[in-house]
Amino acid sequence: MKTLLYATDYSENSVSALKFAHALSQKLGARLVITHIFEFPSILGAEALDNPLPHIQEVAFKTNRSKLEKLCKEHLGDNWEKPNIRLEAAENSSVIKGIISKAEEWHAQMIVVGTKGGSGLEELILGSTTKKLIEKAPCPVLAIPKDVDRINIRTIVYATDFEEEDIHAIQKLTEIAKPLKAKIKVVHISTNDEYGGDLSMEWFKELLQNKVDYPEIEFELLFSADVFDTLRVYLGVVNADIVVMLEREKKGFLKKWFHKDLVKKMEDYGRVSLMSFNEKNHQTLHF
């Protein structure tokens, strides 16, 4: 059975991501592992301090297991008590390392998180944390904004820079789109100073069609000086459920800055779920 890993900080902002991850796991026929990564000093309350020191670890795990159960019962009802849903509390001084460790332990095909976390020291998923997770995760990361109510995924937009690495990412993306019967719209926004955008699109389209067998893929080439604003408007026009981008290695300062800035803006915009593939990951999803 394939696995989705959902990481929570118990905040209200993470509830949409929990519901999304649960619905997605059902549609994909995948196991859902629900985890919270904690650090001992931040969770030791009166209950823990009243116990002898050797029992602190046991109390910490029990406390977080109970909190995970309460979260699921409140927002998933009776649906969470099924064999394909696992609750996993884990201790780690680094949230990022803790999530990645759980993803590797369960051989997760995807990590699902919320884009914003709680408050103070208990914040889990902030923009910067999501970015670090995207850069280091062994599988794609799906970041769900607060109050997203779109459980049915019908339209997925893949923003391409016409890189060959995009081909591999789209190949993996079709493994998600196929069981969902979702349409993939491959879009490139060409700036005014970019030359040959239409020729690049034709080259990319031919290359993709030779390597990816999925009929529900469409291509769109847009021209604009403001890439982010044009993409934002486009997502609204096509009623996108998810926008997908590829996290790239260093390929020149300007290109790296432009791409990372765009991904960060998409996180901050926070109205459409953002899926990020890392070009270093060559794990096949096969849902």
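Let us begin at a bend: helix 7 has a kink of about 30°, centred on Thr174. Keep in mind as you look at it that this is a predicted model. The helix covers residues 164-180, 17 residues in all. From its first C-alpha to its last it reaches 25 Å, close to the 24 Å expected at 1.5 Å a residue.

Which residues of helix 7 are buried? Thr174, where the kink is centred, belongs to the buried set.

Ten strands make up an open sheet with mixed pairing, and their order is 3-2-1-4-5-10-9-6-7-8. At the edges you will find strand 3 (85-91) and strand 8 (217-223), each pairing on one side only. Direction ignored, neighbouring strands of this sheet are turned by 25° against each other on average.

Two helices can be followed against this sheet. Helix 1 (residues 15-28) packs on it and touches several strands, including strand 1 (3-7), strand 2 (31-38) and strand 3. The direction of helix 1 makes about 175° with that of strand 1. Helix 7, where we started, packs on the sheet as well, with strand 6 (155-159), strand 7 (183-190) and strand 8 among the strands it touches. Its direction makes about 170° with that of strand 6.

What are the neighbours of strand 5? Strand 4 (residues 110-114) pairs with strand 5 in the parallel sense over four bridges, and Val113 has Ala143 as its bridge partner. Strand 10 (residues 273-278) runs antiparallel to strand 5 and is joined to it by three bridges. Across that pairing, Val141 stands opposite Ser276 and Ala143 stands opposite Leu274.

Finally, a word on the cysteines. Cys72 is buried, with a relative accessible area of 0%, and Cys139 counts as buried too, at 2%. How many disulfides are there? With sulfur atoms required to lie within 2.5 Å, the count comes to zero.

Notes:
Residues are numbered from 1 along each chain as its sequence is written. This is a predicted model: local features need pLDDT of at least 70, side-chain atom pairs count only at pLDDT 80 or more; totals for chains, interfaces and linings use all residues. Side-chain values use heavy atoms; hydrogens and water are left out. Buried means under 20% relative accessible area, exposed over 50%, partly exposed in between (1.4 Å probe, protein chains only). The expected span of a helix is 1.5 Å times one less than its number of residues. The bend at a residue is the angle between axes fitted to the seven residues ending there and the seven starting there. Two strands pair if DSSP finds at least two bridges between them. Axes are lines fitted to C-alpha atoms, for helices over the stretch in contact, and angles run from 0 to 180 degrees between N-to-C directions. Contact means heavy atoms within 4.5 Å.
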